[in-house]
Amino acid sequence: MTNIYSNPTPLRQKFIEHLTLNRKAERTVHTYVSFIYSLAQYCGRSPDLLGPEDIRRWLYHLIAERKQAPSTVNLAINAVRSFYGKMLQRDIEPLLHQIQRPRRPALAPRLYSMAEVEKLLTLGTEGNLRARAFLSCVYGGGLRLSEATHIQLKDLDSARHRLLVSHPKGGRQRYTLLSDNLLAVLRDYYRQHRPKTFLFPGVEPLLPMNKGTGQGIFYAAVAKAGLPDRGGIHSLRHSFATHCLENGIEITVVQTLLGHASLNTTAGYLHVRAERLAQIQSPLGLLDLKSPLIPA
């Protein structure tokens, strides 16, 4: 993939700045700029010289010829809308309205049961306090990977049992839970490691842990605990959300804890795990039906 930050053209630099000023995540900036670069390469001209027919042919190329996944095509459409519609202020909507966005299949999040999470945080991190503290933060706060790697010491509010998510997706800071169990682990971890700024520093003490390191911690713990991989470290966030809902926490509260802009996103966790279903008793089973059906 082209390094979009290496000697960018003035137009590319303008797009990078536009996206950054609109609080897009670094990964989103890279993705959108890469798509517009790909569009220009396909058409053989600077993207600001392209018209609706050029964009239509490129999107057709992605869908029909390259057989891109629905999520990839949706990102390409978002990139086109941001570049032409929002930055260049062109009326791109008539073209985009002609293109039906591909729908991703609705898949239930892959989860760990509470017993499996307990196994992960005990057997999986045995002898490794850093791993236990890190994974406890991810699960205990329902955090995304980048949110966990960027926790700073000043984000911990032990008096109010809350954790400030200071590096959230979309720039919307929020508070999440800081339980007694998590506080106990973090205090032991702090006494052993003495971090300075970031709770989980990287190779450079004043910089955060690399996200690849965080994933590595998770996979090592999963293997050590003998658990299946259910979609990487993000499955702990899914598990947190589901366990909160199963334990009676209101969905609007879970929405706030997760930092979801839309309640519909949180509602995706309103499924019932098979293990939980086996524990539920029908209301009929709560009734006293011992009296005979036919009078003696």
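**Exercise 1.** In which loop is Gln89 found?

*Solution.* Gln89 belongs to the loop between helix H4 (70-87) and helix H5 (93-96). Helices here are DSSP runs of H or I with at least four residues, strands are runs of E with at least two, and both are numbered from the N terminus. The model is a predicted one, in which local features need pLDDT of at least 70, side-chain atom pairs count only at pLDDT 80 or more, and totals for chains, interfaces and linings use all residues. Residues are numbered from 1 along each chain as its sequence is written, and side-chain values use heavy atoms, with hydrogens and water left out.

**Exercise 2.** Describe the phi angles and the exposure of Gln89 and His161.

*Solution.* Step 1: recall the general rule. Most residues other than glycine have a negative phi.
Step 1: examine the angles. Phi of Gln89 is positive, near 60°, and phi of His161 is also positive, near 55°.
Step 2: locate the second residue. His161 sits in the loop between E1 and E2.
Step 3: classify the exposure. Buried means under 20% relative accessible area, exposed means over 50%, and partly exposed lies in between (1.4 Å probe, protein chains only). Gln89 has 64% relative accessibility and therefore counts as exposed, whereas His161, with 37%, is partly exposed.

**Exercise 3.** Determine the strand order of the sheet and name its edge strands.

*Solution.* The open sheet has 3 strands in the order E1-E2-E3, with antiparallel pairing; two strands pair if DSSP finds at least two bridges between them.
Step 1: find the edges. Strand E1 (156-157) and strand E3 (174-177) each pair on one side only, so they are the edge strands.
Step 2: inspect one pairing. E1 is joined to strand E2 (residues 162-165) by 2 bridges, and Leu156 stands opposite Leu163 in E2.
Step 3: recall the general principle. Strands of a sheet pair through backbone hydrogen bonds.

**Exercise 4.** Is Val222 buried or exposed, and how many residues separate Val222 from Thr125 along the chain?

*Solution.* Step 1: locate the residue. Val222 lies in helix H10 (residues 211-225).
Step 1: apply the cut-off. The relative accessibility of Val222 is 4%, so this residue counts as buried.
Step 2: compare chain and space. Val222 and Thr125 are 97 residues apart along the chain, and their C-alpha atoms are separated by 8.9 Å.
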